[in-house]
Amino acid sequence: MTGPRRWAGPVTCGLVLAAALLVGAGAFSDAVGTAAARAAGIESLIAAPPRGDLSIAQSNSPASRALRHQVAVEVARGWSDGRILDGIAARYGTQILLEPPAGGLDTVLWAAPVALGVAAVAALATVAVRRRRRT
């Protein structure tokens, strides 16, 4: 098996994997949505102040209801999701966010496995090319 047919299988698998990752990441989904859907999405990212193990969407405490109202008002004003979350984090601290902001060591911890995977693929490709040249 030589030529383009040799690479057809791996290339097809790579394309299918890339498409699955894009679909899974929501690259083709409608990001705008309705105001209620946006508010619900934001509410699921904010921890309920008394305990912090639930989101404000799941909690029915007075503080959670107040934060849900604040989120709904800010969504109605047309504020971006980032601006709303930044304002709440500035008022209550970043510990109120169920998904902490990216940056610093968190970025390194997420990027390191990706970089190692890319390096491993490059090393395997190099070994395959060298073996092919020997024969």
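1. The crossing of H3 and H4 is right-handed, that is, the near helix is turned clockwise from the far one by less than a right angle. Helices here are DSSP runs (H or I, at least four residues), numbered from the N terminus.

2. The model is predicted, so local features need pLDDT of at least 70 and side-chain atom pairs count only at pLDDT 80 or more, whereas totals for chains, interfaces and linings use all residues. Residues are numbered from 1 along each chain as its sequence is written, and side-chain values use heavy atoms, with hydrogens and water left out.

3. In H3, Leu 67, Gln 70, Val 71, Glu 74 and Val 75 are in contact (heavy atoms within 4.5 Å) with Ile 84, Ile 88, Arg 91 and Tyr 92 of H4.

4. Confidence (pLDDT, from 0 to 100 for each residue) averages 85 over the protein, with 90% of residues at 70 or more.

Terms used:
Helix = DSSP H or I, 4+ residues; strand = E, 2+ residues; numbered from the N terminus. pLDDT = per-residue confidence, 0-100.
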